[in-house]
Amino acid sequence: IRLSMPVELQEVRGDIVFLFENIRPVQGKLEADVTITPPVSPITSENHEVHRHVNLKSSSGVTALTREVKTAIQGVDWAPLISRAVSLATRAIFDSSEDAPVDLAVSNDEEPQTWLIDSIIPSGSNVVAFGDGGSLKSIPLQSLLMSSVLGRSWAGYHINTQEHRVLILDYENTRATWLRYQKRLTAGMSLGTFPENKLSYLSMNGIPLVDKYESVQRAIRKNAITVLLIDSAGLAVGGDPSDSQATLQYFNTLQKFNDLGVTTLTIAHVTKNGSSERNPPRQPYGSTYWHNSSRATYYVESERVDDRPDLYSVTFGCRKMNLGPMPDDFSMRVQFNDPEGAIYIERG
């Protein structure tokens, strides 16, 4: 929300611009990043812009913002201006069309469901791939992301050929690890180089996704990201992933990315909750919301082929699909040309 307020004083004349970004209600709060840009003063060639994260419902938070602006930009009676701007922005937020009910009988906004991979990964939705540690979840999914960027099939499965841009949010490995596997997978695709500005990486430094929402959202907008990979859920949730509240908060954050048209893929582990080969788990962790809040989930398991240390069969078993018919389980073979050679992935 951008507000422009004209002022005419001896020292300052022109428009003061209030910019409210990354607005989100959180447990009774209304948080926003507020940027205040005054007109250029005749005393200085610069306009001393002030930026602050504020709870718009908190009088103390607004007062703190006012004090900071008064210190940085003098010559203006800031208290009534800031109070008026916050009031107008708050009213606009709650009166926005996003919160207005829609008559489903007359709505013409319906769009057909699209797929990143036909009948397997729905676009604009939240998909979870989960399995035991070491079940080779990350490497095939990194291959999927690279294939989506290139617009080529993934182990024989057709990928929607729109232009995809991918962002990896890393909680488990390092940038060097992802770069190494990208180089090896690129060689396995018989490519000399991988195109630039298509596949981005961001280390999350253990900070929960909800607390990094604003910076991730800016990266999505700046780089036109269409697919987001989170590896992995345990640290991204920011609490016990078996806790319902922590899980719901995580999926609420993912939903905001969906609203930007982004497909999210979350890699998760399973807890030792009595599952067995005869009775594999339906979901990761203990909260049923991992199953209920996802649009599609896949249980991933792997095994050596002919007891070879360089060749594995990786199986994806669908546990939920609520945007189409339940797809059959599918598998792929992953072959390592060790120690640092190409990694080949083909349909199993």
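**Labels and their cut-offs**

User: Where in the chain is Ser 232 placed?

Analyst: Ser 232 is found in the loop between β10 (227-231) and α6 (233-236). Helices are DSSP runs of H or I with at least four residues, strands are runs of E with at least two, and both are numbered from the N terminus. The peptide bond leading from Asp 231 into Ser 232 is cis, with omega near 5 degrees. This is a predicted model, in which local features need pLDDT of at least 70 and side-chain atom pairs pLDDT 80 or more, while totals for chains, interfaces and linings use all residues. Residues are numbered from 1 along each chain as its sequence is written, and side-chain values use heavy atoms, leaving out hydrogens and water.

User: Why is Thr 177 called buried?

Analyst: Its relative accessible area is 15%. Buried means under 20%, exposed over 50% and partly exposed in between, using a 1.4 Å probe and protein chains only, so Thr 177 counts as buried. Thr 177 belongs to helix α4 (residues 175-188).

User: And what makes Ser 190 exposed?

Analyst: Ser 190 has 65% relative accessibility, so it is exposed. Ser 190 sits in the loop between α4 and β9 (199-203), and has a positive phi of about 60 degrees although it is not a glycine. Asn 197 lies in the loop between α4 and β9 too, and its relative accessible area of 62% makes it exposed.

User: How do you know that Tyr 250 and Trp 290 form a pair, and what kind is it?

Analyst: Rings of Phe, Tyr and Trp (its six-membered ring) pair if their centres lie within 6.5 Å; planes under 30 degrees apart are stacked, over 60 edge-to-face and the rest tilted. By this rule there are 12 aromatic pairs. Tyr 250 and Trp 290 are 5.7 Å apart centre to centre with 40 degrees between the planes, a tilted pair. Tyr 250 is in helix α7 (residues 244-259) and Trp 290 in helix α8 (residues 289-292), 40 residues apart.

User: What makes the pair of Tyr 312 and Phe 336 edge-to-face?

Analyst: The ring centres of Tyr 312 and Phe 336 are 6.1 Å apart and their planes are at 90 degrees, so the pair is edge-to-face. Both Tyr 312 and Phe 336 are buried.

User: How do you know that Arg 347 lies over the face of Tyr 157?

Analyst: The rule asks for NZ of Lys or CZ of Arg within 6 Å of the ring centre and within 35 degrees of the ring normal. Arg 347 is at 3.8 Å from the ring centre of Tyr 157.
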